[in-house]
Amino acid sequence: MNREARQVPGISRAFIHWRRLVAINAAIIIGYAIYKIAHDVPDMEYVHLLVGYHFGFTKRALIGAIVSLGADRVPPWLVYVLGGTALLATAGLYLLLFKKTFGFSQASAPLLVFIMGSPFFLKNFVKTIGYFDIYGCMFAIVMLLIPARSIAFVVLAACGSIALILIHHIHMLLYVPAIAAIVVIRYYCNGHLSKPDIAVGAAMAGLVSAVFVAVQIYGNVPVSQAEFSQFLRSRMGNGGAATDALSFAYIWFRTLPDEISETWKTMPTNLSTAWAYPILIALHTPLIRYFRDSIRALTSPHHRRVVLAALVLISLGYLVICITVFDYARWVSSWAVCMMLMLHAVKQLPASGPVALIAEDDKRALACAIVLTVIPRVGIIRPF
């Protein structure tokens, strides 16, 4: 691991601005979470907690099945309890990861602002609280934190990826590629290239792929939508249950061709505000430049090629998602989060020398950070 956060005696004037941005971002995240819980009705998020394995093996049902072990009826507020817990756990784990990679100091403060304050990251996870995307991010962070010394690391990654696919099959392209890249970079790029290591890795990749295929083939609900909806209604608890939640029961009966057809039908409308994504990405230019320099600083040309290939493959996975399902703001946000996590993976490879962090007195970087700070989130389908 490369610890590049240099210690600076005293507090510089430039650092005060970055410290304020950290506090403002924290206030925005907390305030937006309170607003979200007070004003939003978690219809689709709620119905996911009602679905389990009552009718047999079912896609998108693992979380609901776990919930059903402890409750016959599911209160609507559980959406926010589970979602809030996942959000707090992800924030805490990421802070541990940031400390492990860069340390907390004046020099690393700009980097922290660009990542933790990015509208792609925690802010958008507040917007999508109750959705299952965050579980992929949280597990990827865990895989960056734990030691990668034995083949158990590879097996754990496969088991976690299978759980993510059972939670929601879209994780196969959403976070599983990033998790696989973390395994390759942290385990295989660090000298674990024996035949048994490679064989286990191939077997685990095959197992994860097989589970995804099984979900696609055998994960459909074998009863009518009316019977399915009636069962879900029997699982609904009191306390202001979302009255429109059952209108989302149809998504368990929608096929892949249905998904693609609806996505392409609504694509012109949903892409009408796509111009915002390049602007949001461009505001992260100081962070992107640091990521680029970190890749260039890697000692091994082979490691550089592996990292670049991983970034391309992760991005291609998101391109497939965008062709299939139209929640574009979610996909762009999770793609950006995967890129941020890949930065941490890269910093765990041997480098030829230190890479200059984002300068505290860089006025352009500060201006970009201020704009990112005041943007509360990206969104779900269309930006803002």
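## Notebook: a glutamine, some rings and a pocket

I started with Q216, which is partly exposed, with a relative accessible area of 32%. I am working from a predicted model here. Q216 sits in helix 11, which covers residues 195–218. I also checked Q216 against L49: the two are 167 residues apart in sequence, and their C-alpha atoms are 20 Å apart in space.

**Entry: aromatic pairs**

Next I turned to the rings. How many aromatic pairs does the structure hold? I found 14. The rings of F98 and F104 have centres 5.7 Å apart and planes at 20 degrees, so I noted this pair as stacked; the cut-off for stacked is under 30 degrees.

I looked up where the partners sit: F228 is in helix 12 (residues 225–235), while W252 is in the loop between helix 12 and helix 13 (256–270). The pair links distant parts of the chain, 24 residues apart. For F228 I got a relative accessible area of 2%, which is buried. W252 counts as buried too, at 0%.

I then asked what lies over the face of W252. My answer is R60, at 5.9 Å from the ring centre.

**Entry: the aromatic cluster**

Which residues form one cluster with F98 and F104? I listed Y94, F102, F121, F125 and Y290 alongside those two.

**Entry: the largest pocket**

Last, I looked at the largest pocket, with its volume of about 760 Å³. I found 36 residues in its lining. Nearest the centre of this pocket lie R60, H168, I170, E259 and V325; R60 is the residue I had noted over the face of W252.

Which helices each supply at least two residues of the lining? I wrote down helix 2 (43–50), helix 9 (171–174), helix 11, helix 13, helix 16 (301–324) and helix 17 (328–346). Helix 11 is the one where I found Q216. The largest share of the lining comes from helix 13, with four residues.

How values were computed. Residues are numbered from 1 along each chain as its sequence is written. This is a predicted model: local features need pLDDT of at least 70, side-chain atom pairs count only at pLDDT 80 or more; totals for chains, interfaces and linings use all residues. Side-chain values use heavy atoms; hydrogens and water are left out. Rings of Phe, Tyr and Trp (its six-membered ring) pair if their centres lie within 6.5 Å; planes under 30 degrees apart count as stacked, over 60 as edge-to-face and the rest as tilted. Buried means under 20% relative accessible area, exposed over 50%, partly exposed in between (1.4 Å probe, protein chains only). A charge sits over a ring if NZ of Lys or CZ of Arg is within 6 Å of the ring centre and within 35 degrees of the ring normal. On a 1 Å grid over the protein atoms alone, a cavity is a set of points where a 1.4 Å probe fits but cannot get out, and a pocket is an open set with protein on both sides within 12 Å along at least five of seven lines; lining residues have an atom within 4 Å of a point. Grid points are joined across faces, edges and corners, and a volume is the space filled by probe spheres set on the points.
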